[in-house]
Amino acid sequence: MKRYMLAVTVLLSAQAAVASEAVIQGQLEQYRSQGAGPFNAANGEAMWQKQHMQEKLGKEVNCASCHGANLKEAGSHIKTGKRIEALAPSVNPERFGDAEKIEKWFGRNCTWTWGRECTAQEKGDILTFLKAQ
Amino acid sequence: MNRKKFMGVMLLAGCVTVAMATLGWSGEDERWEHERGERGEHGVLPVTSGVEPVMNKTYKAECSACHFAYPAGLLPERSWVKIMNNLDDHFGDNASLNKETRETIENYLRGHAADHIPNRFSRSILRSVDENQTPMRITETGYFVHKHREIPARMVADNPQVKSFSNCLACHSSATHGSFDEHGVRIPGFGRWED
């Protein structure tokens with residue numbers, strides 16, 4: 001029974017990983033159709049680290065301000081302190097399983113962090129960086 | 001009941017009596033007099049009732065990514081209306097939602113707001129808010145301020161594991177279930193809190 005449960009767990013998490021990979025590929029394809037690509041994880045990482053002056057807060061912020069320096073660990077919201085679960089799909093298979101959610105958060109977070117929308121190229125680079133974590 | 005357990009219960013009952021007596025002496029507690037009265041009605045230990053926990057999935061999904069999904073019963077209806085109609089500047093962040101989602105959440109919050117939920121916390125909060133005012137934060141209400149008046153900044157704002165009074169769940173570990181009972185408080189890095 002124990003072995004059976006283990007097999008089911010492994011199978012389910014493998015399926016989740018496949019699901020998020022398919023969703024990410026679908027998004028990348030959409031960005032390509034908007035004229036972006038090829039995508040580069042190193043550029044994505046550079047974007048991830050890039051600091052920007054957040055005027056309302058009066059300090060420099062980047063993605064790690066809320067998601068934390070280590071993507072495999074939970075971060076915490078810069079203002080409310082609310083725990084934000086790990087973003088790395090290798091430790092959190094629930095990430096990137098929903099295209100609408102990905103776009104919603106790019107919309108909110110690019111605007112908050114850099115004061116503008118991200119381009120299709122930037123989103124593709126960042127997703128390529130994140131999916132390998 | 002074994003002897004040890006019995007002694008424990010007696011000790012607890014003793015502490016509660018002393019705590020209630022202290023409350024009775026303190027003039028500044030008068031505004032929350034009814035709360036003590038309600039405890040008295042039950043005749044025993046204070047009831048660990050909380051507020052109604054959040055039940056709406058859309059509210060949880062959309063709002064609790066950035067902050068604790070605050071129970072609707074912790075603010076009056078007029079506050080939720082104001083908050084939900086200013087989502088493009090939500091405490092400095094843009095938290096806009098599409099029309100349908102926004103309406104779903106607003107309806108939930110209005111229907112379960114403090115003015116519509118007959119429980120102790122909600123009534124205490126309502127009574128602590130001036131009728132002509134529309135608080136935008138639970139932390140602004142007189143009741144909240146009173147209940148947290150003894151917590152020093154080093155335990156919250158200056159505590160990297162807490163950061164803000166907005167982060168209910170950091171210390172009130174059962175907050176998700178609507179329980180904000182003082183006896184359940186554990187402040188990260190400091191431990192239990194009881195005054």
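1. Glu106(B) has 8% relative accessibility, so this residue counts as buried (under 20% relative accessible area; exposed is over 50%, partly exposed in between; 1.4 Å probe, protein chains only). The model is predicted: local features need pLDDT of at least 70, side-chain atom pairs count only at pLDDT 80 or more, and totals for chains, interfaces and linings use all residues. Residues are numbered from 1 along each chain as its sequence is written, chains are lettered from A and ligands numbered from 1 in the order in which they are written, and side-chain values use heavy atoms, with hydrogens and water left out.

2. What does Glu106(B) pair with in a salt bridge? Its partner is Arg102(B), at 2.6 Å from N to O. A salt bridge here is a side-chain nitrogen of Lys or Arg within 4 Å of a carboxyl oxygen of Asp or Glu. Both residues sit in helix H5 (residues 99-111) of chain B. They are four residues apart, about one turn of the helix. Helices (H or I, at least four residues) are DSSP runs, numbered from the N terminus.

3. Arg149(B) and Glu150(B) form another salt bridge, with the closest N and O atoms 3.8 Å apart. Arg149(B) is partly exposed, at 37% relative accessible area. Glu150(B) is partly exposed too, at 40%. Elsewhere, shared partners link Glu77(B), Arg102(B), Glu106(B) and Arg110(B) into one salt-bridge network.

4. Now the interface. In chain B, 19 residues are in contact (heavy atoms within 4.5 Å) with 13 residues of chain A. The buried area is about 1300 Å², and carbon and sulfur atoms give 44% of it. Buried area is the accessible area (1.4 Å probe) that two parts lose on being put together, summed over both. On the chain B side, Cys66(B), Asp93(B) and Lys163(B) lose the most area to chain A, together 36% of what that side buries.

5. Over all chains, the structure holds 12 salt bridges. Two salt bridges are counted between chain B and chain A. One of them joins Arg108(A) to Glu62(B), with the closest N and O atoms 3.7 Å apart. Arg108(A) and Glu62(B) are both buried.

6. Helix H6 (residues 120-127) of chain B has several buried residues: Arg120(B), Phe121(B), Ser122(B), Ser124(B) and Ile125(B). At the start of H6(B), a side-chain oxygen of Asn119(B) comes to within 3.0 Å of the backbone nitrogen of Phe121(B).

Terms used: Helix = DSSP H or I, 4+ residues; strand = E, 2+ residues; numbered from the N terminus. Polar contact = N/O pair within 3.5 Å; in protein donor to acceptor, adjacent residues only side chain to side chain.
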